[in-house]
Amino acid sequence: MSAETINETINVCKYLGQEKSISTVDGEVVLSDIKPDILSVVRVSNKVCISKIEVEEDRINISGTVNIGVIYIADDENNSQRGVSCELPFNELINFPGVNSNSIIRVKYSAGNTEYKVTNGRKVSIKVPVLFQVRAYNNCDISIIKGI
């Protein structure tokens with residue numbers, strides 16, 4: 001007497017793990033010729049924008065920009081407040097064993113405190129630490145016995 005099994009294939013996500021990476025994005029904000037010089041900086045704000053996530057064998061490449069806004073007191077007769085903005089590009093490569101082009105990737109990111117220094121009356125040097133937390137999953141098919 002032989003026994004037959006009835007199998008059903010289901011698709012599940014296998015958790016591969018989590019990786020963390022900190023990248024320091026730095027650059028300069030330069031005033032245009034029509035704006036007055038910087039007397040002092042009032043506030044510097046940042047916003048991280050991810051534009052592309054590429055997954056290769058055992059690594060993840062994250063590209064984007066940090067949008068910087070600087071509010072400053074101008075060196076003019078009224079000491080008025082002015083603003084200037086710029087984008088600082090970044091490209092972060094994270095080694096992640098087990099990922100491939102079919103993996104499902106979840107990225108959380110946050111920017112730390114912006115460090116700035118007025119290098120002269122026309123430039124502000126900026127450094128922003130950006131924390132990336134990446135989780136990866138792989139799809140896999142599992143066969144289960146539904147009946148005998």
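Is Arg-59 buried, exposed or partly exposed? Arg-59 counts as partly exposed, because its relative accessibility is 35%, where buried means under 20% relative accessible area, exposed over 50% and partly exposed in between (1.4 Å probe, protein chains only).

## Basis of the report

This is a predicted model, in which local features need pLDDT of at least 70 and side-chain atom pairs count only at pLDDT 80 or more, while totals for chains, interfaces and linings use all residues. Residues are numbered from 1 along each chain as its sequence is written, and side-chain values use heavy atoms, with hydrogens and water left out.

## Salt bridges

The structure holds five salt bridges, each defined as a side-chain nitrogen of Lys or Arg within 4 Å of a carboxyl oxygen of Asp or Glu. Arg-59 joins Glu-56 in one of them, with an N to O distance of 3.0 Å. Glu-56 is partly exposed, at 35% relative accessibility.

Another salt bridge is formed by the side chains of Glu-28 and Lys-123, at 3.9 Å from N to O. Glu-28 belongs to strand E1 and Lys-123 to strand E7, so this pair ties together parts that are 95 residues apart in sequence; strands (E, at least two residues) and helices (H or I, at least four) are DSSP runs numbered from the N terminus. Glu-28 has a relative accessible area of 40% and Lys-123 one of 30%. Asp-37 and Arg-122 also meet through their side chains, at 2.7 Å from N to O. Asp-37 lies in the loop between E1 and E2, and Arg-122 in the loop between strand E6 (115-120) and E7, so the pair ties together parts 85 residues apart in sequence. Asp-37 is partly exposed at 30%, and Arg-122 is partly exposed at 22%.

## Aromatic pairs

Two aromatic pairs are found in the whole structure. Rings of Phe, Tyr and Trp (its six-membered ring) pair if their centres lie within 6.5 Å; planes under 30 degrees apart count as stacked, over 60 as edge-to-face and the rest as tilted.

Tyr-15 and Tyr-137 form a tilted pair, 5.4 Å centre to centre with 55° between the planes. The pair links strand E1 (residues 6-30), which holds Tyr-15, to strand E7 (residues 123-147), which holds Tyr-137, across 122 residues. Both are partly exposed, Tyr-15 at 44% and Tyr-137 at 24%. Phe-90 and Phe-132 form a tilted pair as well, with 5.7 Å between centres and 50° between planes. Phe-90 is in strand E4 (residues 81-95) and Phe-132 in strand E7, so parts 42 residues apart in sequence are tied together. Phe-90 and Phe-132 are buried.

## Nonpolar core

The largest nonpolar core has 30 residues, of which Val-29, Val-66, Ile-68 and Ile-126 touch the most other members. Such a core is a set of buried Ala, Val, Leu, Ile, Met, Phe, Trp, Tyr and Cys residues joined through side-chain atoms within 4.5 Å. At least two residues of this core come from each of E1, strand E2 (38-56), E3, E4 and E7. Beyond its neighbours within four places in sequence, Val-66 is in contact (heavy atoms within 4.5 Å) with residues including Val-25, Cys-86, Phe-90 and Val-130.

## Cysteines

The structure holds zero disulfides, a disulfide being a pair of cysteine sulfur atoms within 2.5 Å. The sulfur of Cys-86 is 12 Å from the closest cysteine sulfur, in Cys-49, which is too far for a bond.
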